[in-house]
Amino acid sequence: MADPSLETCPDFAGDIYAGIRNDLTAATGDQPQEVIDRLVAAWTEGHNARVLEWNQRREEEAREEAEIERARAAQEEEDRLAREAEAERERLESEKKKPKMNGFSATAAVGDAIVPRPSQFAIQKLNNFEYIELWYFSPEGCKDALKTSRAIAEDTFSLAKLDDQLTIRPASAFKASRAALPDHELSFSSFLRAKNLFLTHVNAAKWPQSHIDSLALFFWHLENHAIRNNSELGDLVVLHYASRVRLDWHDRLKRDEGFNISIINEVLVRSINEELWDRVRSRTLNMVCLSVVRVTYNL
């Protein structure tokens, strides 16, 4: 439909409209000019109505187009915000996975002594609140860890599950040492040195303070137990007691049946003492019997 505002009023006084004028003049009895004026008025009224309708239609179309444009712009903005939110989420997720380096004090120097470092395997056990032999914290264990770390390539990794997610960790974190000894096979001096380093590292691993305090008392009571002076096997009794009780303590903690490890069970101490003396007497008897057999054979 063409724009009606561009229309021009016909020349009703012209020859082309003479027949219409004559018919209207004859029918109405009006003068020719009155007929022309009526034709112009009728056309003008129709023209104005068409212009009004045209303008209204154009305004309605403009509103519809504006609404469509607003909806399109709103959708584009929503899509843009969604993309930015997703990009930010991915950035934050990526930041979480990046290794973090802590800051340092500009005025602090290295300490007067450096704490020996046990193996990554032992450290991981402590971080998981799991049992680990004291040998790993002895001088021999720390030397073995240093030697092993040099032998294993730094780019050797294994998969581990942590908080329902798979993570990549050095293979050394999962490998026990073949040279490791149970606590009761340590020398007493190695036991004492190992337990000191062990307590240092459980503190660094953020074990509950109540557990650390109980372990510290446990070792103190054993180091100063009277049986060390009252029995020739006193040190060995202490080592066996420490080995068995600490393992049982961890097992019971896992079952939520934990006990206070710092309370020394004297009945168990005496039982272990008797058990070890029985072994000595049995070996002695076997040696005597063997000697008798040899003497008899020689006769």
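**Figure 1. R246 and the ring of F198.** In this predicted model, R246 lies over the face of F198, 5.1 Å from the ring centre. F198 is buried, with a relative accessible area of 1%.

**Figure 2. The aromatic pair F137 and F198.** The ring centres of F137 and F198 are 5.4 Å apart and the planes stand at 75 degrees; an angle over 60 degrees counts as edge-to-face, so this pair is edge-to-face.

**Figure 3. The aromatic pair F198 and F219.** Here the centres are 6.2 Å apart and the planes are at 85 degrees, an edge-to-face pair. F198 in helix α5 and F219 in helix α6 are 21 residues apart. F219 counts as buried because its relative accessibility is 1%, under the limit of 20%.

**Figure 4. The aromatic cluster.** One cluster is formed by F129, F137, F188, F191, F198, W207, F218, F219 and Y241. The model has eleven aromatic pairs.

**Figure 5. The largest nonpolar core.** This core has 39 residues, and F137, F191, F198, W207 and F218 have the most contacts inside it. At least two residues each come from α3 (120–127), α5 (188–204), α6 (209–223), α8 (234–254) and α9 (266–298). The largest share, eight residues, is from α5. A second, separate core has five residues, among them F12, V35, L39 and W43.

**Figure 6. Surroundings of F137.** Beyond its neighbours within four places in sequence, F137 is in contact with residues including P118, A122, L126, I132 and C142. Its contacts also include R193, A194, L197, F198 and H201.

Technical notes
Residues are numbered from 1 along each chain as its sequence is written. This is a predicted model: local features need pLDDT of at least 70, side-chain atom pairs count only at pLDDT 80 or more; totals for chains, interfaces and linings use all residues. Side-chain values use heavy atoms; hydrogens and water are left out. A nonpolar core is a set of buried Ala, Val, Leu, Ile, Met, Phe, Trp, Tyr and Cys residues joined through side-chain atoms within 4.5 Å. Buried means under 20% relative accessible area, exposed over 50%, partly exposed in between (1.4 Å probe, protein chains only). Helices (H or I, at least four residues) and strands (E, at least two) are DSSP runs, numbered from the N terminus. Contact means heavy atoms within 4.5 Å. Rings of Phe, Tyr and Trp (its six-membered ring) pair if their centres lie within 6.5 Å; planes under 30 degrees apart count as stacked, over 60 as edge-to-face and the rest as tilted. A charge sits over a ring if NZ of Lys or CZ of Arg is within 6 Å of the ring centre and within 35 degrees of the ring normal.
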